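Please go through the following briefing on helix packing and aromatic contacts with the structure open beside it.

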Amino acid sequence: MPGVGEEAAAEEQQQAKGGPALEGLVVGSYCHDVLLRGGRVVGETLGGAAAFVSTVLDAASPPGASFSVVSKVGPDFAYASAPAPARHPPLLCPAPTTSFHARFSDAAGAPDRQLRRVHACDPIYPDDLPDRRFAYGLAVGVAGEVLPETLDRMIRLCRAVLVDAQALIRVFDAEADAGGGGAAVRHMALEGTPYAPLLQRVAFLKASSEEAPYIGVETARRRCCVIVTEGKEGCRLYWDRGEARVAPFSAVQVDPTGAGDSYLAGFAAGLLWGLSATDAALIGNFFGAAAVSQIGVPTFHPEMLQAVKTILEDKAIQRSSPCINGALFTFQRSITHDELHASLEEAARLMCQQKQTGPATDNCD
């Protein structure tokens, strides 16, 4: 490990190579998702956190913001022409594309969804990342593809890194994989992983309510801001000296896949607009709700997107150096928090009306 002086010198050297002031780095692979109910296939879609994250960032980022995606797929990748991969092409590997089977159950007492990894593409290595500085990074692995050394490299390249807990704590049951049904997805305690020492250099760690017990919220909040998503209850933020609950937006759940990914991207977009973390969580909740109301990667109506951007232009704090770029964050809710929620509620209702009356678009300009 280099000393502090060496790291500062390396950072200055990287800064000289830096891209746009608000360029982000998304690291995580595209996947094939197969949805099953009652043993029958009911849907096959593009999956992987990178697909959901890039779709929301394309839709909700402020003018002048951009991002690069580092993702890996195999020669069997079926969605190269889909909007997200077409705009942000993946790296091609000889291994098959990562694929998951999500088995849904209506049986009383059974889990809502059982997830199995059927194929795993190559991991993403540190050398796969671009050699330049970024304003922020999103580590959004779903199948163990973001290695500890890759996350370390992201932290060195990005002024602020946001991490989805599933990239750190998922493990896969090899015995089930040998049986031909795919590897069952389980969780392990974060403190037992090589990612734990990196947490103090991360800005935000997002976990679902099911994942929260494995990350140790009370320990983790002393190292970074922890966000726990709670579905229809909204989310909670925990930091060293405080916490906040952020209200949800109503949605009719069709497919929960990608809700957390969409949340994290919406949250990051809120930070890019200059919102405090608690206010940015409203943007996360909004896009998380939008994701669950559709199967697969969501599409957004242009009128709804314009309404959201108009709201953000009005409510966001205009900063010459946005907090996500300087890695200095305000956590408390602003005095306009409730007003922002009410305005987004109106946009959410507009989205519901447009689903009934008109086609969606995948054009996120």
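## Helix packing and aromatic pairs

The crossing of α9 and α10 is right-handed, where a crossing counts as right-handed if the near helix is turned clockwise from the far one by less than a right angle, and left-handed if anticlockwise. This is a predicted model, in which local features need pLDDT of at least 70 and side-chain atom pairs count only at pLDDT 80 or more, while totals for chains, interfaces and linings use all residues. Residues are numbered from 1 along each chain as its sequence is written, and side-chain values use heavy atoms, with hydrogens and water left out.

**Overall make-up**

- The protein chain comes to 13 helices and 16 strands, these being DSSP runs numbered from the N terminus, with helices (H or I) of at least four residues and strands (E) of at least two.
- Of its 365 residues, 55% count as buried, a term that means under 20% relative accessible area, with exposed meaning over 50% and partly exposed in between (1.4 Å probe, protein chains only).
- Among contacts (heavy atoms within 4.5 Å) in the protein chain between residues at least 6 apart in sequence, 68% join residues at least 24 apart.

**Helix packing around α9**

- Helices α9 and α10 pack at an angle of about 145°, with their axes 7 Å apart; axes are lines fitted to C-alpha atoms, for helices over the stretch in contact, and angles run from 0 to 180 degrees between N-to-C directions.
- On the α9 side the contact with α10 is made by A259, S262, Y263, G266, F267, G270 and L271, and the α10 side contributes residues including A277, I283, F287 and V292.
- By class, this contact of α9 with α10 has 11 nonpolar, 6 polar and no charged residues, where Ala, Val, Leu, Ile, Met, Phe, Trp, Tyr, Cys and Pro count as nonpolar, Asp, Glu, Lys and Arg as charged, and the others, Gly among them, as polar.
- Helix α2 (residues 49-60) also meets α9, their axes coming within 8 Å and crossing at roughly 35°, and this crossing is right-handed.
- In that contact, A49, F52, V53, V56, L57 and A60 of α2 meet D261, S262, A265, G266, A268 and A269 of α9, and the residues divide into 9 nonpolar, 2 polar and 1 charged.

**Aromatic rings**

- A search of the whole structure finds 9 aromatic pairs, counted when ring centres of Phe, Tyr and Trp (its six-membered ring) lie within 6.5 Å, with planes under 30 degrees apart called stacked, over 60 edge-to-face and the rest tilted.
- One of them is the stacked pair of W239 and F331, at 5.2 Å centre to centre with 15° between the planes.
- Because W239 lies in strand β15 (residues 235-239) and F331 in the loop between α12 (323-326) and α13 (337-357), this pair ties together parts that are 92 residues apart in sequence.
- W239 is buried, with a relative accessible area of 8%, whereas F331 is partly exposed at 21%.
- F249 and F286 form an edge-to-face pair, at 5.7 Å centre to centre with 80° between the planes.
- F249 lies in the loop between β16 (242-246) and α9 (259-272) and F286 in helix α10 (residues 277-292), so this pair ties together parts that are 37 residues apart in sequence; both residues are buried.
- Ring pairs link F204, W239, Y263, F267 and F331 into a cluster.
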